[in-house]
Amino acid sequence: MTAQSIIMALTGGALIGLASVLLLLVLGRIAGISSIMSGLLSGLLSVQFDTAFRWRLAFLIGLPLGAFCVTALGWTEWAHMRMQVGFAGTIVSGLLVGFGTALGTGCTSGHGICGLARFSLRSLVATVIFMAGAGVSVFILRHLIGGA
């Protein structure tokens with residue numbers, strides 16, 4: 001861990017917090033990515049491209065666009081990052097995350113950022129479970145299965 005990585009992490013966290021606060025202040029919406037994605041998919045399936053659809057689309061386009069801008073500006077390198085699980089593992093992981101967000105009625109952004117900021121007990125419990133699950137997953141993948 002370097003001073004630059006600490007600054008980048010703090011800056012990223014502050015920007016996520018700022019985006020969450022702005023979304024709440026401007027639109028009165030919680031920045032839970034799973035809910036935003038669900039609403040976007042509902043709009044697509046029902047062919048309703050109303051204001052709710054458009055802000056969700058803009059928000060979700062902004063997520064990878066922000067990462068692209070940071071990379072294009074040379075603020076970080078992705079060369080050292082490697083996918084350890086391959087395509088099949090990525091699909092399984094995505095399905096498990098989708099199942100977990102449905103089961104937990106929200107995701108880490110909705111509960112861990114917005115919910116905790118609103119002192120929600122339900123979000124505190126969900127976030128503790130998310131983090132414990134992440135720790136167990138890393139332990140299993142790295143120590144029991146033998147991943148890197």
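Predicted model: local features only at pLDDT ≥ 70, side-chain atom pairs only at ≥ 80, totals over all residues.

**Surface and overall layout**

I started with the accessible surface of the chain, which comes to about 10,700 Å², with 75% of that belonging to carbon and sulfur atoms. Areas are by the Shrake-Rupley method with a 1.4 Å probe, and for residues only the protein chains shown count as cover.

Residues are numbered from 1 along each chain as its sequence is written, and side-chain values use heavy atoms, with hydrogens and water left out.

I counted 6 helices and 0 strands; these are DSSP runs numbered from the N terminus (helices H or I, at least four residues; strands E, at least two). The C-alpha trace spans about 45 × 35 × 35 Å along its principal axes. Of the 148 residues, 18% count as buried (buried is under 20% relative accessible area, exposed over 50%, partly exposed in between; 1.4 Å probe, protein chains only).

**Core**

Which residues make up the largest nonpolar core? I found 9 of them: Leu-23, Ala-31, Ile-36, Leu-40, Phe-53, Trp-55, Phe-59, Leu-60 and Cys-114. Such a core is a set of buried Ala, Val, Leu, Ile, Met, Phe, Trp, Tyr and Cys residues joined through side-chain atoms within 4.5 Å. Helix α3 gives the largest share of this core, 4 residues.

I then checked Trp-55, which touches Leu-23, Leu-27, Arg-29 and Ile-36, leaving aside residues up to four places away in sequence (contact means heavy atoms within 4.5 Å).

**Helix α1**

Leu-27 sits in α1, residues 3-27. Leu-27 counts as partly exposed because its relative accessible area is 40%. Ile-16 is also in α1, and its 44% makes Ile-16 partly exposed as well. I noted 9.1 Å between the C-alpha atoms of Ile-16 and Ser-109, which are 93 residues apart along the chain.

Just after α4, Thr-105 has a positive phi of about 45°.

Last entry: Thr-127 is in α6, residues 121-144. Thr-127 counts as buried because its relative accessibility is 13%.
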